[in-house]
Amino acid sequence: MTVPTIRGIIRRNLLIIFLIALFVGGGGFYVLLEHAAMQNAGQQAELMLSSALAVRGYTTQHILPNIARLHDAVFHEETVPAFAAQTVFRSVSAGDAAYTYREAALNPTSNADRAGPFEVDLIRQFRNDAGLKEIRGTLDQGGQRLFYLARPIQIKDEKCIVCHDTPQRAPKLMVAKYGPNNGFGWHMGEIVGVQLLTVPVTQQFRSTLELESLLIGGLTLIFALAYFGLTASLEATVATPLTSLAHAADQASRSTSSAPELPTSGAREIRTLAESIQRLRVSLAKALAQIGGKHD
Ligand code: HEC
């Protein structure tokens, strides 16, 4: 195995430090940014979901009991909590298709609310784990990256059962409109569906990538400067003088006749070393001369 030179050691160690710092710094920064973006989207989604819930609650508490007394000839969709929440959300998110709010059910009253494969999967997860109150994550849809927040829809209020128990019990006009086959047979405590809210995070994701590449670029630049600066100065003050010192010392140890050049530049320690070697050589020459003189 060849013993590495001081140049090689300095360069290799600097590169290793650079790579580790780049990996740890870049990776850590990415995780932080991603976390902040998700947190941000999560807060936005929570706020929107709370307003959807508020509309639901308002409809159940204030609209439903009053309109029910009217005995009109038409079914008022306005009294339906799910209708109210989804309608209000549509106007809140108007213009941006990435903001969506759905109340999807396995056995929905309105066919438009039938759960798709992703929603079915969410409902199943909520049904399997009663302690699970929320699922959040990201999904890619139509070239957009969306953050989603899902919560189970559980029947907790007797008022819901009136319309979702049997077609006989439900308002006649509602059955006339939606038919007797869908959205019935729900019972108290059952998780019938999922509230699924999405907000776009494509932009945040892009900003994260932009900031990340800026950081990587900046770090690389700083490290490149540090690398060249450090290697050049170490080269001039340590590596080159030390190499010639090593060479001179090597020559001096082999013969007394030649007088190799000892470096006079470099760091203080190297100069001291060069001077010491020089003195040693002089003393050695003197000693040899004395021994030679006695022999004569
Ligand atoms: C006045 C009758 C009525 C009441 C009371 C009612 N619903 Fe509904 N519900 C409906 C109708 C009608 C729809 C379909 C609305 C639409 O066109 O989107 C619906 C839709 C839903 C949906 C969306 C999936 C689907 O079936 O289309 C969910 C979830 C839901 N209701 C849950 C509830 C819960 C929970 C309550 C109690 C807070 C409740 N409902 C109270 C009539 C009612």
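Predicted model: local features only at pLDDT ≥ 70, side-chain atom pairs only at ≥ 80, totals over all residues.
Reader: What pattern do they follow along the sequence?

Author: Reading along the sequence gives α-α-β-α-β-β-α-α-β-α-α.

Reader: Spread out or a compact globule?

Author: Spread out. The radius of gyration is 40 Å, while the globule rule gives 19 Å for 296 residues, so the protein is more spread out than a compact globule.

Reader: What does the C-alpha trace span along its principal axes?

Author: About 140 × 35 × 30 Å.

Reader: And what share of the residues is buried?

Author: Buried residues account for 32% of the 296.

Reader: Confidence next. What is the mean pLDDT?

Author: The mean is 88, and 96% of the residues reach 70 or more.

Reader: Which element has the lowest mean pLDDT, and which the highest?

Author: Helix α7, residues 268-295, has the lowest, at 82. Helix α3, residues 117-128, has the highest, at 96.

Reader: Where is His-164 found?

Author: In helix α4, which covers residues 158-164.

Reader: OK, salt bridges. How many does the count come to?

Author: The count comes to 10 salt bridges. One of them joins the side chains of Arg-7 and Glu-235, at 2.6 Å from N to O.

Reader: Which parts of the chain does that pair link?

Author: Distant ones. Arg-7 sits in helix α1 and Glu-235 in helix α6, residues 202-254. The two are 228 residues apart.

Reader: How does Arg-7 count by relative accessibility? And Glu-235?

Author: Arg-7 counts as partly exposed, at 27% relative accessibility. Glu-235 also counts as partly exposed, at 22%.

Reader: What does Glu-190 form a salt bridge with?

Author: Arg-127, with the closest N and O atoms 3.2 Å apart. This pair too links distant parts of the chain: Glu-190 is in the loop between α5 and β4, Arg-127 is in helix α3, and 63 residues separate them. Arg-127 is partly exposed, with a relative accessible area of 39%.

Reader: And Glu-134, which residue does it form a salt bridge with?

Author: Arg-151. The closest N and O atoms are 2.9 Å apart.

Reader: Which residues are in the network with them?

Author: Salt bridges with shared partners join Glu-46, Glu-134, Arg-136 and Arg-151 into one network. Within it, Glu-134 is partly exposed, its relative accessible area being 27%.

Reader: Last topic, the surface. Which residues form the nonpolar patch?

Author: Ile-16, Ile-20, Phe-23 and Val-24. Together they have about 440 Å² of accessible area.

Reader: Where does Val-24 lie?

Author: In helix α1, residues 6-68.

Reader: Why does Val-24 count as exposed?

Author: Because its relative accessibility is 54%, and exposed means over 50%.

Methods. Residues numbered from 1 in each chain as written. Heavy atoms only, no water. Helix = DSSP H or I, 4+ residues; strand = E, 2+ residues; numbered from the N terminus. pLDDT = per-residue confidence, 0-100. Patch = residues over 30% accessible without salt bridge, like charges linked within 9 Å, V, L, I, M, F, W, Y side chains within 5 Å. Areas by Shrake-Rupley, 256 points an atom, 1.4 Å probe, with all protein chains shown as cover. Salt bridge = Lys/Arg side-chain N within 4 Å of Asp/Glu carboxyl O. Buried < 20%, exposed > 50% of the residue type's maximum accessible area, 1.4 Å probe, protein only. Rg over C-alpha atoms; globule rule 2.2 N^0.38 Å.
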